[in-house]
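User: I am new to this structure. Please take a close look at one part of it, then show me what surrounds that part.
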Amino acid sequence: TLRGALRQGVPQNIFPGGNKPMIDLSRKQKRTFTVFIFALLIAMLVAPSALASTPKGAPEPVRFATFNASLNRFNEGDLAAELSSPGSAQPDVIAEIIQRTRPDVLLINEFDYDDGNVALVGFHENYLKVPHGDAAPIEYPYRFAAPSNTGIPSGRDLDKNGSVGGPNDAFGFGFFPGQYGMAVYSMFPINYDEIRTFQLFLWKDMPGAVLPINPDTGESWYDEGDLEVFRLSSKSHWDIPIQIDGKTVHFLASHPTPPVFDGPEDRNGTRNFDEIRFWADYVIPSRSGYIYDDEGNYGGITPGDAFVIAGDQNSDPLDGDSIPGAIQQLLEHPLVNTRVTPSSDGAVEQAVLQDAANDTHLSDPAFDTADFNDSAPGNLRADYVLPRKQLRILDAGVFWPLQDDPLFPLVGTWPFPSSDHRLVWVDVTIPSY
């Protein structure tokens with residue numbers, strides 16, 4: 001105790017190996033050391049906030065998360081029907097992962113959209129609110145889903161194979177409208193009247209867009225007719241204002257297309273780059289003037305607005321197939337807080353066990369969020385939760401347990417019981433400005 005320390009002068013038990021100091025101090029050195037300890041103890045008493053991770057009276061941390069949960073199905077309506085009743089194996093595992101990490105605000109990628117939001121409600125009522133093992137139920141009073149560009153016919157031959165139709169000619173790859181969509185669950189109120197969606201924003205309207213070039217002709221891969229209808233978002237971009245303790249945090253959700261499954265023109269890689277760039281421009285007023293939402297309103301957030309960017313960005317900083325510098329548009333953004341990088345021991349273990357492509361990677365395997373070892377890229381960092389710098393990061397992680405952890409079966413190895421991606425979370429405090 002402080003009283004005992006003051007009475008004893010130098011607290012002997014601070015030395016390893018018992019009560020005897022490791023160094024034989026002179027009387028003067030002991031006196032100096034006593035003064036130092038006294039000052040340190042007083043400082044701890046007077047200013048505990050300097051040593052505590054969460055100062056007394058500070059705002060409670062809020063956990064934001066993203067999870068590409070692979071809740072996509074092959075036929076329209078299949079997911080809605082499956083989630084309308086409890087007990088389906090994969091949604092059960094997905095729900096348990098969410099229950100064990102307990103995000104306050106959660107984006108789910110690859111969640112099929114249906115017009116009645118049957119899947120959105122069904123997953124909440126029949127899976128999240130149902131306990132799994134010793135994991136407690138979790139409830140989200142506020143939920144949001146909206147249409148996705150996936151599977152919506154463009155009427156154009158976008159892949160240039162000589163015919164029009166099919167998933168490659170849709171505005172976003174998909175076999176039916178809404179496949180691979182998105183969903184948001186929140187414990188905090190969503191300001192539904194102020195939600196902005198950018199599903200219809202045209203790629204050509206982004207200044208300096210990195211449009212693909214046909215390597216055989218040196219001309220644009222997309223002709224003028226294509227560009228008059230081609231939408232930037234492969235799914236959509238959403239700005240969802242969430243009210244947290246009287247303050248608004250813009251939850252910026254998206255899922256850029258994978259930078260693969262194309263040809264030397266790299267039409268998916270270039271689109272991925274600009275889909276990521278969209279948020280980089282949106283959060284800076286001087287760069288966002290060209291952006292318009294689906295209601296025809298222009299511009300991005302206002303100066304000083306708090307935000308968290310979340311989603312499967314399909315881009316690793318150093319590895320994989322995305323255009324170099326794609327995700328750096330966010331990671332090196334002047335407004336984005338990257339002081340803490342979500343990580344896991346499980347990702348490191350799997351990189352070693354799986355070997356192969358992982359051995360050539362430059363990124364730290366601890367930061368991986370997706371298990372792609374069954375294909376050429378190896379495991380990558382693809383999923384991100386990136387708060388504004390004013391939001392202090394207290395903790396962060398990736399749900400990827402070690403193999404000897406009792407929870408490892410929730411993620412497993414191929415074929416995965418849940419998803420090839422892992423849930424990523426970041427705890428932040430919201431400033432009271």
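Which residues line the largest cavity?

Analyst: First, the ground rules. This is a predicted model: local features need pLDDT of at least 70, and side-chain atom pairs count only at pLDDT 80 or more, while totals for chains, interfaces and linings use all residues. Residues are numbered from 1 along each chain as its sequence is written, and side-chain values use heavy atoms, without hydrogens and water.

Now the cavity. Its lining is made of Pro342, Phe367, Thr369, Arg381, Asp383, Tyr384, Val385, Leu386 and Val424. A cavity here is a set of points on a 1 Å grid over the protein atoms alone, where a 1.4 Å probe fits but cannot get out; lining residues have an atom within 4 Å of a point. The search of the whole structure finds one cavity of 30 Å³ or more. The largest cavity holds about 40 Å³ of space. Volume means the space filled by probe spheres set on the points, which are joined across faces, edges and corners.

Six lining residues are nonpolar, one is polar and two are charged. Ala, Val, Leu, Ile, Met, Phe, Trp, Tyr, Cys and Pro count as nonpolar, Asp, Glu, Lys and Arg as charged, and the others, Gly among them, as polar.

Strand β9 (residues 383-387) gives the largest share of the lining, four residues. Strands (E, at least two residues) and helices (H or I, at least four) are DSSP runs, numbered from the N terminus.

Strands pair if DSSP finds at least two bridges between them. Trp238 faces Ala253 in β7. Contact means heavy atoms within 4.5 Å. Angles run from 0 to 180 degrees between N-to-C directions, and axes are lines fitted to C-alpha atoms, for helices over the stretch in contact.

Val424, another lining residue, leads elsewhere. Strand β11 covers residues 424-429 and pairs with β1 (residues 62-71), antiparallel, over five bridges. Ala65 stands opposite Trp425 in β11. Both strands sit in an open sheet of six, ordered β3-β4-β2-β1-β11-β10, again with mixed pairing. Here β3 (142-144) and β10 (392-398) are the edge strands. From one strand to the next, the twist averages 15°.

α4 touches β1, β2 (105-111) and β11, and its direction makes about 170° with that of β1. α5 touches β1, β2, β3 and β4 (182-186), at about 50° to β4.

The loop between β10 and β11 contains Pro415. A cis peptide bond joins Trp414 and Pro415, with omega about -5°. Tyr180 lies in the loop between β3 and β4. Its phi is near 60°, a positive value in a residue other than glycine. Most residues other than glycine have a negative phi, and most peptide bonds are trans.

Definitions and conventions
1 Å grid on protein atoms, 1.4 Å probe; cavity = no way out; pocket = protein on both sides within 12 Å on 5 of 7 lines; lining within 4 Å.
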